[in-house]
Structure formats: structure tokens, C-alpha cells
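Work through the exercises below with the model at hand. Try each task before you read its solution.

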Amino acid sequence: MIFRSKQDDREEDDFFNTPHQPAQPKPVKQPTPSPEDPKYYDIDDEWEHLRPSSRNWKFWLWLVAGAVVVGLGYAAWLRYFTPYSTHEVQYGYVEQIMRRGDIFKTFEGVLIPYKAINDTIVPYDGDIIFTAKNDHVAAELRRMQLANLPVRVELERYHATVPWRGESRVVIVSADTADVTKIYPVTLNHPLIPGSDCGYRYNPATDSLHLAASGSAR
């Protein structure tokens with residue numbers, strides 16, 4: 001039986017008495033060649049080319065973000081800048097027209113539809129609240145209002161308004177004098193129709209109405 005002293009045990013069990021062994025260097029990871037490089041096909045891992053790269057992930061992210069931005073821009077263009085109804089023609093009387101606005105001054109007005117006045121069968125849909133497209137159209141509508149003449153207007157309708165275009169979704173793009181003899185329903189009580197029962201006559205020279213002489217109603 002062999003006896004060992006405690007000092008011998010301490011010397012053998014001491015970790016710091018062992019010779020120093022340097023750490024093994026970590027292997028350097030070689031960059032993966034691109035498919036255009038001939039070395040790409042020498043890689044042992046046959047599934048390496050199927051792994052998604054960070055570059056492809058960023059590409060699809062930017063592609064989706066761009067598609068969303070384009071879609072939102074197209075939807076805004078359709079809602080605010082593209083009329084969904086064009087070349088619509090209405091006849092009526094201009095009840096009022098004014099220029100108003102805090103920053104963007106636009107011409108706003110109200111048009112009483114001609115058919116709504118003369119047709120007592122169809123329910124009244126209400127007045128047409130409109131915006132004049134430009135100063136020329138507004139001046140023509142004001143002239144018709146002051147002369148109390150029927151007007152033929154061509155208008156466009158938008159889904160929404162923008163401040164610089166006006167307060168209404170209905171925009172009148174042109175205005176002209178209306179031929180009441182061709183408007184349904186025809187009324188014989190109108191100053192523009194010869195032989196009507198109206199006591200006023202339209203004077204083209206002055207572009208106004210005047211009281212007809214007695215006995216000239218028919």
C-alpha cells in the first residue's frame with residue numbers, strides 16, 4: 001500500500017502547474033461566390049444556392065413598399081382629381097353665385113333645375129350646388145342670373161373636393177343660353193317663347209327682359 005502526502009496531491013491537482021496550451025484559431029469563413037463565379041459550382045453543399053439571401057429579402061420588401069405607394073397614389077388620383085361623371089348637361093336658373101374662400105377664392109353657386117320647376121309629377125331632387133371652373137364660366141353664369149334667363153350648363157362630378165378647385169363636388173365647365181322650346185317639359189308661359197302668356201319679353205339687343213305691350217301676348 002502506497003501513501004501519498006497532501007503536498008503531492010496539491011501539486012498534481014493544481015491547474016496552473018500544467019503547461020500552457022494556446023487556443024486553436026477559429027476557421028475563417030470564406031465568402032460564398034456568386035453564381036457567375038465558376039467556383040460557385042465547386043461548393044460541397046448542394047443546398048447552398050436554395051437558401052434565401054438578405055439581398056433578396058430587401059428587394060422584395062422595397063418592391064412591396066413601392067407597390068403600396070403607387071396604389072395609394074393611384075387611388076388618391078381617382079378620388080380627388082378624376083371626375084367620375086363628365087359631359088353631363090343640365091338646364092335651369094342660377095339662383096345665386098358668389099366668390100368666396102379664405103385662402104383659395106372660388107366661385108360657388110346654386111342652380112335650380114328647369115325640369116324641377118315645370119314638372120310637378122317627378123319628386124324634387126333639390127338644387128344643384130356647384131363650383132364654376134374658371135372666371136369666364138362664373139361671369140357667364142352671373143350674366144344669366146341678372147337677366148333671369150335659363151341656362152344650359154355642362155358639368156363634371158368628382159368623388160371628393162380639393163381646396164383649390166372649390167367647395168362642391170359638382171363643377172360647371174361651360175355655360176350658355178338655353179333654348180326653352182327644346183327642353184322637356186315645354187312651357188308656354190316663358191318670355192323666350194313667341195306667343196306665350198308671359199307678360200315679359202326677352203330683348204336680345206339689351207340681353208334683358210322687359211314688360212310686353214298690352215295686346216301683344218298672342
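**Exercise 1. Find the salt bridges and say which parts they join.**

Solution. Start with the count: the structure holds three salt bridges. A salt bridge here is a side-chain nitrogen of Lys or Arg within 4 Å of a carboxyl oxygen of Asp or Glu. This is a predicted model, where local features need pLDDT of at least 70, side-chain atom pairs count only at pLDDT 80 or more, and totals for chains, interfaces and linings use all residues. Residues are numbered from 1 along each chain as its sequence is written, and side-chain values use heavy atoms, with hydrogens and water left out.

Step 1. Take Arg-157 and Glu-88. Their closest N and O atoms are 2.8 Å apart. Arg-157 sits in strand E4 (residues 151–157) and Glu-88 in strand E1 (residues 85–100), so this pair ties together parts 69 residues apart in sequence. Helices (H or I, at least four residues) and strands (E, at least two) are DSSP runs, numbered from the N terminus.

Step 2. Check the cover. Glu-88 is buried, at 17% relative accessible area. Arg-157 is partly exposed, at 23%. Buried means under 20% relative accessible area, exposed over 50%, and partly exposed in between (1.4 Å probe, protein chains only).

Step 3. Take Arg-100 and Glu-167. Their closest N and O atoms are 3.0 Å apart. Arg-100 belongs to strand E1 and Glu-167 to the loop between E4 and strand E5 (170–177), so the pair ties together parts 67 residues apart in sequence. Arg-100 is partly exposed, with a relative accessible area of 36%.

Step 4. Take Arg-143 and Glu-140. The closest N and O atoms of this pair are 2.6 Å apart. Both residues lie in helix H4 (residues 135–147), three residues apart, about one turn of the helix. Arg-143 is partly exposed at 31% relative accessibility, while Glu-140 is buried at 16%.

**Exercise 2. Describe the largest nonpolar core.**

Solution. Step 1. Apply the rule. A nonpolar core is a set of buried Ala, Val, Leu, Ile, Met, Phe, Trp, Tyr and Cys residues joined through side-chain atoms within 4.5 Å. The largest one has 19 residues. Those with the most contacts inside it are Leu-111, Phe-130, Leu-141, Val-151, Val-153 and Ile-172.

Step 1. Find the suppliers. E1, E2, E3, H4, E4 and E5 each give at least two residues to this core. H4 gives the largest share, five residues.

Step 2. Follow Val-153. Beyond its neighbours within four places in sequence, Val-153 touches residues including Glu-88, Leu-111, Leu-141 and Ile-172. Contact means heavy atoms within 4.5 Å.

**Exercise 3. Judge the confidence.**

Solution. Step 1. Read the average. pLDDT is the predictor's confidence in each residue, from 0 to 100. The protein chain averages 76, and 61% of the residues score at least 70.

Step 1. Over residues 214–218, pLDDT stays under 50. Where pLDDT is low, the predicted coordinates should not be read in detail.
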